[in-house]
Amino acid sequence: MRKALNILFLGGAKRVAMGKMFIDAGRKLGVDVNLFSYELSAEVPLAAIATIVKGVRWNDPMLMDDLHRVVEENRIDMMIPFVDPAVEVAAEYCSSDSECRTPLMNGDLGKLLFDKIKADALFRELGFPLPANAMIEHVEGQVIAKPRFGSASKGIQVLEAAEFATLRGSREFSDNYLVQEYIAKRVEYTVDCYVSSRGEMVCAVPRERIEVQGGEVSVTETVRDSEMERESARILKALAITGPVTLQFMRERDASGALGRLMFMEINPRLGGGAVCAVHAGADIPQFIIRDMEGENVKPCDNWRAGVRICRYPQEVVFDNGRLMPR
């Protein structure tokens with residue numbers, strides 16, 4: 001393995017904890033990890049541990065040329081996307097540059113998965129355990145309408161049966177929302193996974209989403225759930241996806257409070273904000289990524305610990321007229 005590794009985060013602005021974990025993973029492997037991040041502003045929290053490179057928007061026609069400049073100037077070895085649009089961007093760039101790697105090389109799959117309506121159709125075709133689709137199945141009571149290209153729970157609406165009946169015939173509504181049965185009593189989970197470039201399942205670490213703020217988990221705890229772990233492996237194998245992946249599940253609660261039906265909600269082919277919990281529990285995903293991208297064999301990890309809880313909190317990074325202030 002090389003002595004130094006230059007890693008470019010795409011949209012990693014607030015991922016300071018995960019950035020530190022990449023640096024620590026490199027240290028364990030005898031590698032000096034140098035972090036960079038491609039951002040619209042240089043004044044972001046990650047500046048505390050990384051070099052921030054000001055760039056253009058993900059839909060800018062000059063994006064690929066600008067990324068090439070950044071990769072060449074900083075001798076970037078690896079790209080790690082942290083926001084949905086950057087997954088496809090990283091795959092497209094790295095497919096044309098053999099010297100720069102990224103965990104998920106299938107940009108078309110990434111694009112499909114961020115289209116909730118197309119993804120739902122694919123998931124049903126593959127037989128995944130899903131909530132009922134209210135546009136094609138009979139659903140009684142409330143439904144939940146999710147924006148087709150939404151993220152971080154933005155724009156989600158819970159509709160009464162009468163409201164849904166009124167909107168259902170609208171082409172604008174049906175073309176832009178995935179509508180499913182609404183499960184009012186539920187427990188939500190994220191499963192942090194890693195699949196090697198050889199297609200081998202390395203880890204699947206479920207964690208309960210205990211508290212969520214602004215669509216991102218603030219309190220989460222790892223749990224053992226053999227059914228969820230098996231379903232995660234089946235889903236990832238069926239999709240032939242590689243790299244770090246977060247899967248969203250939920251379990252329905254009955255009147256007694258007991259947990260029942262397991263339902264798959266969505267998938268994000270990138271590191272999630274709460275994935276640091278899985279690392280603390282013993283699944284060192286940054287180390288898996290580095291080993292894998294450097295061509296080493298990554299062994300399956302199932303000795304992670306249940307009951308590891310993280311409570312995330314805001315911390316300030318201060319800039320004085322554009323200059324990072326020491327803490």
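1. (Exposed means over 50% relative accessible area, buried under 20%, and partly exposed in between, using a 1.4 Å probe and protein chains only.) Asn321 sits in the loop between strand E14 (319–320) and strand E15 (323–324). Although not a glycine, Asn321 has a positive phi of about 55 degrees.

2. A note on what we're looking at. This is a predicted model, where local features need pLDDT of at least 70, side-chain atom pairs count only at pLDDT 80 or more, and totals for chains, interfaces and linings use all residues. Residues are numbered from 1 along each chain as its sequence is written, and side-chain values use heavy atoms, with hydrogens and water left out.

3. Arg75 is another one to check by eye. Its phi is positive, about 50 degrees, and Arg75 is not a glycine. The residue belongs to the loop between helix H2 (63–74) and strand E4 (78–81), and Arg75 is exposed at a relative accessible area of 68%.

4. On the whole chain: the secondary structure comes to 10 helices and 15 strands. (Both are DSSP runs numbered from the N terminus: helices are H or I with at least four residues, strands E with at least two.) The C-alpha atoms fill a box of roughly 60 × 45 × 40 Å along the principal axes. The radius of gyration is 20 Å, which agrees with the value near 20 Å for a compact globule of 327 residues; that radius is taken over C-alpha atoms, and the globule rule is 2.2 Å times the number of residues to the power 0.38.

5. Burial and surface next. Buried residues make up 51% of the 327. The chain exposes about 15,800 Å², with carbon and sulfur atoms supplying 48% of it (Shrake-Rupley method, 1.4 Å probe).

6. Now the sheet I'd look at: 3 strands form an open, antiparallel sheet in the order E6-E5-E7. (Strands pair if DSSP finds at least two bridges between them.) Strand E6 (157–159) and strand E7 (177–181) are at the edges with a single partner strand each, so one side of each has no neighbour in the sheet. From one strand to the next, the twist averages 25 degrees.

7. Strand E5 (residues 143–147) pairs with E7 in the antiparallel sense over 5 bridges, and Val143 stands opposite Glu181 in E7. Helix H5 (residues 116–125) packs on this sheet, touching E5 and E7, and its direction makes about 45 degrees with that of E7. (Contact means heavy atoms within 4.5 Å; axes are lines fitted to C-alpha atoms, for helices over the stretch in contact, and angles run from 0 to 180 degrees between N-to-C directions.)
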